[in-house]
Amino acid sequence: MSKPHWADIQKNAFTRWVNEHLKDRGMHCNDLAKNLSDGVNLVNLLEIISSKSLGRHNKNPIVKFQKLENNTISLEFLKNENIKLVNIGPEDITDNNLKLILGLIWTLILRYQICKGGNEGSAKNDLLQWVRSKIPEYNINGFQKDWNDGRAINALINAVSPGAAPDHKTMDPKNDVANCAKGIDRGQDLLGVPKIVTAEEMCQPKVDELAMMTYISYYRDLDQNPNRKKMDEASRSKAYGPGLVEAVANEPAPFTVETPANAEGKLEIKVEGPKDNSPVKVTKNGPGNYSVVYEPKIPGQYKVHVTLGGHHIPGSIFHVTVLEQQSLGGEGKIRVFYSTTTAKDEKTRPLQELLESKKVHLRPDFEPWIPVDLMEREEREAVFKKAGVRELPIVFIDDNYVGNSPKVFELEKNGQLDKLLQTNQTKYNSMFGKK
């Protein structure tokens, strides 16, 4: 097995840190670059760590400018919080620029995790001095090689929670991976410290310094909180997936539950709908890992309870909006989806002329024509699925499929098109505060 590179260690650690917060809303990142791209996870992350609302944003963005809009909202929020950002714009996040995204996440960790709003300039030295005060016998001088053999992390755990790791002095430094694993497991099981780094990562001489600072800062938080409570199995569990965020009536709503591998408490899941409970199917994939799915029958607000041993896990009770049909993020908007390869054909051009004759292209509720062949495959298929056809161009008004080109001309002929456009303008004005 190849040794993890410091850059991979940093990416993995930062992803785990992000997920540690997103779990409160049933959300999750598998790939830090791709899963922050549309801005939804980033908006939610900032709301969680700042305890502030970022206001209206696109919850179901499928086109690039919606994603840019979300990321602009996030960066503007950070600017207003007096957080200095260097060389990153909304397009960098939308375009999956991993290097700049990692820099952004480190900025968030520094402000909200390590410094808690304090002096960021001395963050490393302050954390190091705290470590040295807790385990002076280990002569810790940094956040890399001094932690490689696993003894220091166990000693720190024992210092923060006396008796939690009394064997740190007798550990064989040659058993580096085993020692690190023991310490990381103890940190989570006894103190609730999330596994921001793995044993294989910690024992690397060039383990990423920022990843280690992030991880070690959790122990300082515990040490400075005399009222900390003992961690139970439920508090060390998490659940995430689309079925905990938003679902569609009569379609499967899946999510994942992770518990401690040796958990003794019974996992129980209940889904409360507007009228009655939805049946839930739980499949155990392995120790501490479960796939869950339910199928809500009617639109409305649902409550998903996830408990272990009778106690709610973080984020539970989850409040889930069940829609009548999948949202494409076009509520209150007029949209035309087309293909760049047929932009001037006998169906596309007449439709464009019809809409322009009604000055639709000048209206604030009109979004520029959207080329489906430049969209991500999953998002393109969502458009076709909701439309029920694949023949382009196709028109949506208020996120509802209106028709292809022949259908739109039929609506124009019988006077229905103007009514649809007027109704949408009224909704747009009410949604966005226009008079």
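Which residue stands opposite Asn404 in E14? In this predicted model, that position is taken by Ile394.

**The sheet and its hairpin**

The two strands concerned, E13 (residues 394-397) and E14 (residues 400-404), run antiparallel and are joined by four bridges. Two residues lie between the strands of this hairpin, where Asp398 takes a positive phi near 55°. Strands E13 and E14 belong to an open sheet of four strands, whose order is E12-E11-E13-E14 and whose pairing is mixed. Strand E12 (370-371) and strand E14 form the edges of this sheet, each pairing on one side only. In general, the strands of a sheet pair through backbone hydrogen bonds, either parallel or antiparallel. Helix H13 (residues 377-387) lies across strand E11 (334-338), E13 and E14, and runs at about 80° to E13.

**Helices H14 and H15**

Two packed helices are described by the angle between their axes and the distance between the axes. For helix H14 (residues 405-413) and helix H15 (residues 416-431), the packing angle is about 95° and the axes are 5 Å apart. Because angles of 65 to 115 degrees count as roughly perpendicular, H14 and H15 are described as roughly perpendicular to each other. The residues that make this contact are set out below.

| Helix | Residues in the contact |
|---|---|
| H14 | Val408, Leu411, Glu412 |
| H15 | Gln416, Leu417, Asp418, Leu420 |

Sorted by class, the contact of H14 with H15 contains four nonpolar, one polar and two charged residues.

The buried residues of H1 are Ile9, Gln10, Ala13, Phe14, Thr15, Trp17, Val18, Asn19, His21 and Leu22. Among the elements that cover these buried residues are helix H2 (32-35), helix H3 (40-50), helix H6 (98-114), helix H10 (199-202) and helix H11 (209-223). An α-helix has 3.6 residues a turn, so residues three or four places apart point the same way.

**Thr94 in helix H5**

Thr94 lies in helix H5, which covers residues 90-94. Its relative accessible area is 7%, and because buried means under 20%, Thr94 counts as buried. Leaving aside residues up to four places away in sequence, Thr94 touches Ser37, Lys64, Lys67, Leu68 and Asn71.

Conventions: Residues are numbered from 1 along each chain as its sequence is written. This is a predicted model: local features need pLDDT of at least 70, side-chain atom pairs count only at pLDDT 80 or more; totals for chains, interfaces and linings use all residues. Side-chain values use heavy atoms; hydrogens and water are left out. Buried means under 20% relative accessible area, exposed over 50%, partly exposed in between (1.4 Å probe, protein chains only). Contact means heavy atoms within 4.5 Å. Axes are lines fitted to C-alpha atoms, for helices over the stretch in contact, and angles run from 0 to 180 degrees between N-to-C directions. Angles under 35 degrees count as roughly parallel, over 145 as roughly antiparallel, 65 to 115 as roughly perpendicular and the rest as oblique. Ala, Val, Leu, Ile, Met, Phe, Trp, Tyr, Cys and Pro count as nonpolar, Asp, Glu, Lys and Arg as charged, and the others, Gly among them, as polar. Two strands pair if DSSP finds at least two bridges between them.
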